[in-house]
Amino acid sequence: MSLSIQNLLSIRDLKKSDIELILKTARNLKEISWRPIKKVPALRGKTILLCFFEPSTRTRTSFEIAAKRLSADTINISTGGSSMEKGESLMDTVRNLEAMQPDLVVVRHASSGVPQMIANWICCPVINAGDGSHEHPTQALLDLMTIEDAMDRGPRGRGPLGHRPSGHRPKRSVAGLSVVIVGDILHSRVARSNIWLLKMMGAKVAVAGPATMIPTEIRAWGVPIYNDLKEVIPMADVLMMLRIQRERGDESLFPSLREYARYFGLNCETFSGAKPSVVIMHPGPVNRGVEIAPEIADGAHSVILDQVTNGVAIRMALLYLMCGGKEKNQKLF
Amino acid sequence: MKEKLLMSEKQMITTIRKMAKNIVTSADSGQGIHLVGIRTRGVPLARLLAREIAKKVGQTPKVGMLDINLYRDDLSEVSDQPIVHVTDIPFRIDGTGVVLVDDVLYTGRTIRAAMDALIDFGRPKFIKLAVFVDRGWRELPIQADFVGKKIKTKAHEVVKVMFEETDQINKVQIKREASKRA
């Protein structure tokens, strides 16, 4: 059994059978992280390049841990500290690295489309770890896994050190579930990948946020827009809060962080109308007190840390499914 | 593709009882052992053995399940990655006597992988091997401690052990076709 794709650049490249295979594999690999020796030899001797040309804590560490738990070797490349500071182009950097025979390359870049460009230049598989505002497919996959698990468990608070996983397959799917994504949709690759994946799996997706941060064209995807958080919260089974991206410059999309927090942040007032079984998610890093109040981020409805744990499992599954085996495709220029 | 019946359900039950008796009377494995079934069909066999052992000693040994696909020695040769199944070992390996259970012992590579996997979980007191059918053709120096039935097979034959839990029927048959690696 294998994936229908050689590179994971966009959620839209995946078939439903791919998604099921990835999630099933992730659930069965998850227990490795609870073993006394957190390692299996499956990718022994494989070289994985982690090219993070944009800052990252979670995603980079998650990929690195996933690779190492499968016994692969990892190399970290970032802009700072590499010859790109001397003016070497991205294409030269990547092709030079390819000449050292990596087995897989993971790419994060501030510009949309870079992973696709890189995939056109090199033969080995490429995974998009986030490109500009375009996509973050591995985030959407781990979010889907987290939602399915949360629906299966029912409402109860737990941290990442909860019960040891047993590979049990959840009975409930996300079909028909109401998922609301809140925040800066305009700049969010997490939102885009999640919208496509959740809709593919049959969920009902809506977005909420200030009008300045929501592209109206999104309605064409069948995604309703809400500018009043209190209006949409009572119907949500899942609330996915997005980070206010302060580093994206002074685009003056809202008057102040305090005003954003009051009207679009998840706080005691806005949260009071939520369903008792609602699940709270956030891709991280969390701006405590801005998009989400600390007591809610740490509270019983939050599965934020489960997302991080599942991130390792999903990435182990992807590396396992994409990395092994004979050369399937030889690219000819 | 000719099929030949090797064991009927009744013969399977007798064989399982015999194996359970041997496990119980063997020197160090009377008390305090647990079973680990390998991959798919070792698991229902382990559960059946556990039940029979319980009848004899009054205590049911715990049964774990092990997927060895992550430890295979041929991963870089197959073009598709084998599907990973659940591994769940609900007891401590350290200091425990473990009986690995599999349906067919063939080249021995599965058992080699299973031992590597088990030792990653801890340091067992000992590992013994119980197999339902030993069909010969070893490629590694590995032998079973408890054998249900030992037979001679040809390279192009396939031995299929079927259980109700996995195949909706209890029987063992030999088929003549291109030999598949376990």
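Is Cys323(A) buried or exposed? In this predicted model, Cys323(A) is buried, at a relative accessible area of 5%. Buried denotes under 20% relative accessible area, exposed over 50%, and partly exposed in between (1.4 Å probe, protein chains only). Cys268(A), at 53% relative accessibility, is exposed. The cysteine sulfur closest to that of Cys323(A) belongs to Cys124(A), 8.7 Å away and too far for a bond. A disulfide requires a pair of cysteine sulfur atoms within 2.5 Å. The count over all chains is zero disulfides.

Local features need pLDDT of at least 70, and side-chain atom pairs count only at pLDDT 80 or more, whereas totals for chains, interfaces and linings use all residues. Residues are numbered from 1 along each chain as its sequence is written, chains are lettered from A and ligands numbered from 1 in the order written, and side-chain values use heavy atoms, without hydrogens and water.

Arg315(A) lies in helix H11 (residues 304–323) of chain A. Helices are DSSP runs (H or I, at least four residues), numbered from the N terminus. Arg315(A) is buried but has no salt bridge, defined as a side-chain nitrogen of Lys or Arg within 4 Å of a carboxyl oxygen of Asp or Glu. Asp143(A), its nearest side chain of opposite charge, is 8.4 Å away.

Helix H6 (residues 189–200) of chain A has twelve residues. Ten of the twelve residues of H6(A) are buried, including Trp196(A). Just after H6(A), Gly202(A) takes a positive phi of about 90°.

Key: Helices (H or I, at least four residues) and strands (E, at least two) are DSSP runs, numbered from the N terminus. Lys and Arg count as positive and Asp and Glu as negative; His and the chain ends are not counted. The expected span of a helix is 1.5 Å times one less than its number of residues.
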